[in-house]
Amino acid sequence: MSTTEVLHQDPHGHGGEHDPHHQHHFTTMEQQFDTSKIGMWLFLATEVLTFGGLFAGFGLMQNKYPMEFIEAHEKLKRWAGATNTVVLLVSSFTAVMAVLMARTNQAKKCAMYLWLTVGCAGIFMCIKAYEYTHDFEEGLYPAKYYSHVGDLIPGSHGYATFFSFYFMMTGLHGLHVLIGMGLMSWLAIRASRGEFSDKYYTPVDLIALFWHLVDLIWIYLFPLYYLIT
Amino acid sequence: MSTHTEHADNPKAEAVKYTITLVVLLILTAITVGASYINFGSGNVVIALFIATVKGIIVALIFMHLLHDKPVNAVIAVAGFILLGIFLLFDFLDVDSRTNPQPINLHPLPAAAAPATAGAPAAAAPAEKKE
């Protein structure tokens, strides 16, 4: 049987019932869902490698400037980092709850959990902005703009290196949080329109995966920058 | 999509599972912050990264559904970390085998090898080497 014959019969085998989200190059909705998910996981794997390269660089520079890195890390506020960890963990929980609500046909609760996720991400960004402002006031800038005075090893490049990595990694992570906020808001609006159900919740599931990865990266950023002595 | 709804048959049980997961993650966060105030020497790094890894695995298995999902997704996730491991392994092997890991152009050129052009780089190099 040729492909055209299959298409001319019943392409989806549902006896005429056709999900509007079902794209014709997929045999079933399940295949479509699985394909999307594999694509998302591939993207997440590349994200792991992106941040992995930065973690490797951080590790090497910490090896080179151990004293400077310990001194520099004490300028970061441990309570701010810890609060942000809690906020992100809670937002991961609300994201996974949003997926659960989407696939059990509870559109209003799904939208509510998505907005809660956006709210948590907003709190995270506010705390981050407070931290950055405080750092800038003390002259804790990256690379050649570093202008903090009173370091124990004057003239060492270790301090500026630490803050270069700090702003690069938390900045890239913060960019992910901002993108996540945008995507979650878009999902929340779609969810409150009743666009997701147990038949189709792929976007909620995939963006929740992205959000968990953002959380996962912070789980490593937090101890490496704020806790290690 | 029967395979994806099989564990959503009981949404309440799912919600309870996620709540317990969140509580465990928060407790681990409290432990890792608490441990950072105690001096274990070089053990602090090991403890912090061990707890972070445990948290990461919990997030991946429960929140990211890898535990109940199709294995291919877990294969991709693990492959990503294996590739990262290979990268880190050779990265650190390389650095460990060098006494002075500097970019090659920071070293003075051997004067005998390029007598005509050695003047400028050799003069610039000592100043940069102080870094």
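Mentor: The expected span of a helix is 1.5 Å times one less than its number of residues, and helices (H or I, at least four residues) are DSSP runs, numbered from the N terminus. This is a predicted model, in which local features need pLDDT of at least 70, side-chain atom pairs count only at pLDDT 80 or more, and totals for chains, interfaces and linings use all residues. Residues are numbered from 1 along each chain as its sequence is written, and chains are lettered from A in the order in which they are written.

Trainee: How do you know that the length of helix H7 (residues 202-227) of chain A agrees with its number of residues?

Mentor: Its 26 residues should span 38 Å, and the end C-alpha atoms are 37 Å apart, so the two values agree.

Trainee: What lies at Leu221(A) in H7(A)?

Mentor: A kink of about 25° lies there, shortly before the proline Pro223(A). The bend is the angle between axes fitted to the seven residues ending at a residue and the seven starting there.

Trainee: Why is Asn105(A) called partly exposed?

Mentor: Asn105(A) has 15 other C-beta atoms within 10 Å, and is therefore partly exposed.

Trainee: What makes H7(A) mostly covered?

Mentor: Of its 26 residues, 23 are buried.

Technical notes
Buried ≥ 20, exposed ≤ 12 C-beta atoms within 10 Å, placed from the backbone. Helix = DSSP H or I, 4+ residues; strand = E, 2+ residues; numbered from the N terminus.
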